[in-house]
Amino acid sequence: VSATYAATDGALALTVADFDVTDQHDLLVAFNNGTDGTGINGATPPSFVDLNFKHALTKINIRIEQDLSEDEENHYFIKRVALSGIKVNGTYTASLNNAVLNGSWDIASSRVSSFNKTFEGDGQQLKKIDENGKVVPNPLKVWGEDGILLIPQEVGTDAIQVLIEYDYVLNESDTKTSRSITTYLPASTDLWQSGKAITYVIPIAEPSDIIFAKPTIEPWGDDPQTGDTIII
């Protein structure tokens, strides 16, 4: 990662060139929280500097669940999920004005790549029997609780493809039928924002048309781990 820091006309600026998310490293950005927002005076340095780190990336996940209202009897085992058509590199620029951090991404020349998750063995079943013998959902968060870290970007129509491969088993049958579904994330201009965790919800049942449920959007990183104190 190449980062440059500069101060122009009293405003602090940081540029991170060609940051790539394929290695799934997080990008946290912070300036000192000085009351004047102009940084540290080397002639009279403070004894410590408080930093409030902000996530520059967006955390994305997909939750797949069996639509029990449409199909409670049969069985679905998720084998593989692929998300493709994602812009994966760009330049991040942050500035500090009046003690407020503002950041933006330039991904105009970004390359496009994909992310895959494979579930070994029988795969992840989307329903289970609870302690009372009742059929209940067993939803799958494809990328676990951590999700995948991506650059905030506009999602165009039919731009980011979702492929779901699964085994379908009729109730009380041992015969598995391998099937797949292909769809696209709903188009959005500014849903993916820095510091947001977005989970797309996909209910599936036979027949296998996909209709996305409303995504969940949560703040990401508002816990104490995002801040630190550096002793000078």
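Arg63 is partly exposed, with a relative accessible area of 23%; that label covers the range between buried (under 20%) and exposed (over 50%), found with a 1.4 Å probe and counting protein chains only. The side chain of Arg63 meets that of Glu65 in a salt bridge, 3.3 Å from N to O. A salt bridge here is a side-chain nitrogen of Lys or Arg within 4 Å of a carboxyl oxygen of Asp or Glu. You are looking at a predicted model, where local features need pLDDT of at least 70, side-chain atom pairs count only at pLDDT 80 or more, and totals for chains, interfaces and linings use all residues. Residues are numbered from 1 along each chain as its sequence is written, and side-chain values use heavy atoms, with hydrogens and water left out.

**Charged pairs**

- Side chains of opposite charge can pair when their charged atoms come close.
- By the salt-bridge rule, the count comes to five.
- Glu65, the partner of Arg63, is also partly exposed, with a relative accessible area of 22%.
- Asp20 forms a salt bridge with Arg111, and their closest N and O atoms are 2.6 Å apart.
- Asp20 lies in strand β2 (residues 11-20) and Arg111 in the loop between β9 (100-106) and β10 (112-118), so this pair ties together parts that are 91 residues apart in sequence.
- Arg111 is partly exposed, at a relative accessible area of 40%.
- Lys141 and Glu145 meet through their side chains in a salt bridge of 3.4 Å, N to O.
- Within that pair, Lys141 is partly exposed at 32%, while Glu145 counts as exposed at 62% relative accessibility.

**The chain as a whole**

- The chain has zero helices and 20 strands; helices (H or I, at least four residues) and strands (E, at least two) are DSSP runs, numbered from the N terminus.
- Of the 232 residues in the chain, 39% are buried.
- Take the contacts (heavy atoms within 4.5 Å) between residues at least 6 apart in sequence: 70% of them join residues at least 24 apart.

**Strand β16 and its partners**

- Strand β16 spans residues 161-169 and is mostly covered, with seven of its nine residues buried.
- Strand β7 (residues 75-87) runs antiparallel to β16, and nine bridges join them; two strands pair if DSSP finds at least two bridges between them.
- Leu83 has Val162 of β16 as its bridge partner.
- Strand β17 (residues 176-184) also runs antiparallel to β16, joined by nine bridges.

**The nonpolar core**

- A nonpolar core is a set of buried Ala, Val, Leu, Ile, Met, Phe, Trp, Tyr and Cys residues joined through side-chain atoms within 4.5 Å.
- The largest such core has 52 residues, and Ile78 and Trp192 touch the most other members.
- Strands β2, β6 (58-66), β7, β8 (89-97), β15 (148-150), β16 and β18 each supply at least two residues of this core.
- Leaving out residues up to four places away in sequence, Trp192 touches a list of residues including Ile60, Leu150, Val155, Ile198 and Tyr200.

- Ala197 sits in strand β18 (residues 196-204) and counts as buried at 10% relative accessibility.
- Ala197 and Pro219 are 22 residues apart in sequence, yet 6.0 Å apart in space, C-alpha to C-alpha.
- Beyond four places in sequence, Ala197 touches Lys59, Thr216, Ile217, Glu218 and Trp220.
- Ser110 lies in the loop between β9 and β10 and is buried, with a relative accessible area of 15%.
- The side chain of Ser110 reaches the backbone nitrogen of Val88 at 3.2 Å, and a polar atom of this side chain lies 2.9 Å from the backbone oxygen of Asn89.
- Setting aside neighbours within four places in sequence, Ser110 is in contact with Lys87, Val88 and Asn89.

Notes: A polar contact is a pair of N or O atoms within 3.5 Å; within protein, one must be able to donate a hydrogen and the other to accept it, and residues adjacent in sequence count only if both atoms are side-chain atoms.
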